[in-house]
Amino acid sequence: MRKKIVAGNWKMNLDYNEGLALFSEIINMVKDEATGTQEAVICSPFIHIHSLVQLAKGYNKVAVGAQNAHQEEKGAYTGEISAKMIKSTGAAYVILGHSERRQYFGETNALLAKKTDTALKNDLRPIFCIGETLQEREANTHFDVIKTQLVEGIFHLDADQFAKLVIAYEPVWAIGTGVTATSAQAQEIHEFIRKEIAAKYGQEVADATTILYGGSCNPTNAAELFAQPDIDGGLIGGASLKSRDFTDIVKTFN
Ligand code: PGA
């Protein structure tokens, strides 16, 4: 059965001490509970990662990830962080293709394909984000947009590499807006994504792929979203900055 994951995306929030304090609270709240979520992941700013990995030692249901990594292995890219550096801290995951990276940093599907290759080569698990804008949904092109993101971003991988990915469907119009996709809207897209994976890699790979929903997911709506057959957890932005909200979402699977 595929893994149930709830991942927090702190984005560019929390200074070093605030991040460590929040993470400690989260660990304390999830550590002893029998939780159906098989892994709670925090994707923090780079400056926190090493310390969070140290704090997470001994808790096998808690993992740490980055929010971005460079496509090249190393070199003269002032200010950038490589996948190898992230891996060397003990982090397990990296978010790639978040809509904010696509929108504000011009990340294209072609660039994201390279970032995915480099992350996998360095043994990081990408949480690969896809999703349509409001305009694309209103123009009824959302299925095409998502298919193109899959084909150009990750369908060049072989099946073994693909099996290491987590996919996150995040409708751009639902991110940080308080407008969540309805569970039916989200399920419709998740089912579509799984069918596309099955057509490319076979049903077994598709059934084993964790597909997260992201976009204004909170403790109130998580249960209904996560109850959908093709939704395997969430990628949580705003609500991951509050320990109670985040852990309530993590415990939704109980
Ligand atoms: P949100 O963000 O939960 O604040 O909508 C989700 C995300 O951007 O991953």
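A crossover is called right-handed if, with the strands pointing away from the viewer, the path from the first strand over the helix to the second runs clockwise. Helices (H or I, at least four residues) and strands (E, at least two) are DSSP runs, numbered from the N terminus.

Now the model. It is predicted, so local features need pLDDT of at least 70 and side-chain atom pairs count only at pLDDT 80 or more, while totals for chains, interfaces and linings use all residues. Residues are numbered from 1 along each chain as its sequence is written, and side-chain values use heavy atoms, with hydrogens and water left out.

Strand β2, helix α2 (residues 46-56) and strand β3 form a right-handed β-α-β unit. Strands pair if DSSP finds at least two bridges between them. β2 pairs with β3 (residues 62-66) in the parallel sense, over four bridges; here Cys43 has Gly65 as its bridge partner. β1 (residues 5-9) also pairs with β2 in the parallel sense, over five bridges.

How many residues of β2 (residues 39-43) are buried? Five of five, where buried means under 20% relative accessible area, exposed over 50% and partly exposed in between, with a 1.4 Å probe and protein chains only. Glu39, Val41 and Cys43 lie on one side, Ala40 and Ile42 on the other. In a regular strand the side chains alternate between the two faces of the sheet.

Last, the ligand. A polar contact is a pair of N or O atoms within 3.5 Å. A polar side-chain atom of Lys11 lies 2.7 Å from a ligand oxygen atom, and a polar backbone atom of Gly237 lies 2.9 Å from a ligand oxygen atom.

Methods. A polar contact is a pair of N or O atoms within 3.5 Å; within protein, one must be able to donate a hydrogen and the other to accept it, and residues adjacent in sequence count only if both atoms are side-chain atoms.
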